[in-house]
Amino acid sequence: MAASPTLRQNFIRSALKMILDHGFDGFNVDWEYPNRRDTVHGQDDVQNFVQLLKELRQEFDKYGLELSAAVGAVPDAALLSYDIPGISKYLDHIGLMTYDMYGPWDPVTGHNSPLHKGEGDDNVPKEQLNTVDVAVEYWLRNGCPPEKLLLGLPLYGHTFLLTNGSVNGVRAPSSGAGLAGPYTATNGIIGYNEFCAKLQSQSWNLRYDSLAKVPYAVQGKNWVSYDDPKSLTAKVEYGLQQSVGGIMVWSIETDDFHNVCGAGKFPLLHSINQALGTQLDSTTVTTTTISSSAQTTTTTSSTKPTNITTTSGTTVAPTFTTAPNTVGTTVSALTVCKSVGLTADPKDCTSFYSCTLDPRGGYIAYKFKCPSNLHWDQKNLSCNYPSVAQCSVK
């Protein structure tokens, strides 16, 4: 497709239709990988990828859509696949997949996502290391603007089966994939939510590579590389030092979203946001109580979201905005949500809401901001040029 002008345009038209039909903000290209694996045109696919992104950009700019890509991180792979200045010219965000750096496909154990050179790497030249810092520095040094780079963080780990249970450090001989989790059900990979539960119910030898700044665990012949709040925080802090544009995770359903392990819901995502300086739990919300005779509105400051309750007993969750600490930006879901889907902000042309069903009854409204200089277009369900959106607010 990427090598053919006709097929590229067909792909772009179909992608645009899907995006606009469903009100998406943009499109992420995850080609794994140009000039590698089963690539069709070899070295030519490096520039075919650039041309595809260029043509996507030309069409997306007409609608104010974002364009991003997930890319291979380590230098040996990136060198084969990418014209880094070329793709950076057309992408809004470049998600660096700084994980799967070692896994059960290797003959020895290794960290899924080591931040720095760690145990067992004494004789490895820096340019040959599969580490987060080496990957980030390579991309920045070779032309990726730091503000476009998203640092990829894993919410899962890799499992190995040791050849000899008594030889169990980093770079210990491995016989292949280790245990599987109950939900991902794949030997060699395990979600954080699956593994933290095992740590509570089974006896494991927990270790920490103080050089690579990541944990690992051993139990008999089982060897697991994973990330926890401490290691993710260290990576975010490193990314901020490099002035990266943000964080990408793979993937949200392997965080402990049910609080099975007792550290609160989504402990990994919360640790990432906290390291970024985003306080998710503290917000000013508006609580509205509706009675048969009068309506009273009070604004309270709380460390936990306050629900909105009506006389019928229906509970509607408060709005979480993109700026949760800004006083006065929250709007009752009762005010904006009439059905599931996207709807305009009645008070701001540059914002819109995504309304979802609240399992407790009613709706939950999530507020989003359009990219700079764009307005919400309720007719086309997308951010658009103001002249096309024709938004007006009271």
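**Salt bridges in a predicted model**

Asp345 is buried, with a relative accessible area of 4%. This residue belongs to a predicted model, and it forms a salt bridge with Lys367, where the closest N and O atoms are 3.6 Å apart. Asp345 sits in the loop between strand S16 (341–344) and strand S17 (351–357), while Lys367 is in strand S18 (residues 363–369), so the pair ties together parts that are 22 residues apart in sequence. Lys367 is buried as well, at a relative accessible area of 13%.

Lys369 counts as partly exposed, because its relative accessibility is 45%. Asp348 is partly exposed too, with a relative accessible area of 22%.

Salt bridges that share partners also join Arg57, Asp61 and Asp92 into one network. Another salt bridge pairs Lys62 with Glu59, and the closest N and O atoms in that pair are 3.1 Å apart. Lys62 is partly exposed at 47% relative accessibility, and Glu59 is partly exposed with a relative accessible area of 21%. The whole structure contains 11 salt bridges.

As for confidence, the chain has an average pLDDT of 86, and 86% of the residues score at least 70. Over residues 281–330 the pLDDT is below 50, although this stretch has 107 contacts in the model beyond near neighbours in sequence. Where pLDDT is low, the predicted coordinates should not be read in detail.

Note on methods
Residues are numbered from 1 along each chain as its sequence is written. This is a predicted model: local features need pLDDT of at least 70, side-chain atom pairs count only at pLDDT 80 or more; totals for chains, interfaces and linings use all residues. Side-chain values use heavy atoms; hydrogens and water are left out. pLDDT is the predictor's confidence in each residue, from 0 to 100. Contact means heavy atoms within 4.5 Å. A salt bridge is a side-chain nitrogen of Lys or Arg within 4 Å of a carboxyl oxygen of Asp or Glu. Buried means under 20% relative accessible area, exposed over 50%, partly exposed in between (1.4 Å probe, protein chains only). Helices (H or I, at least four residues) and strands (E, at least two) are DSSP runs, numbered from the N terminus.
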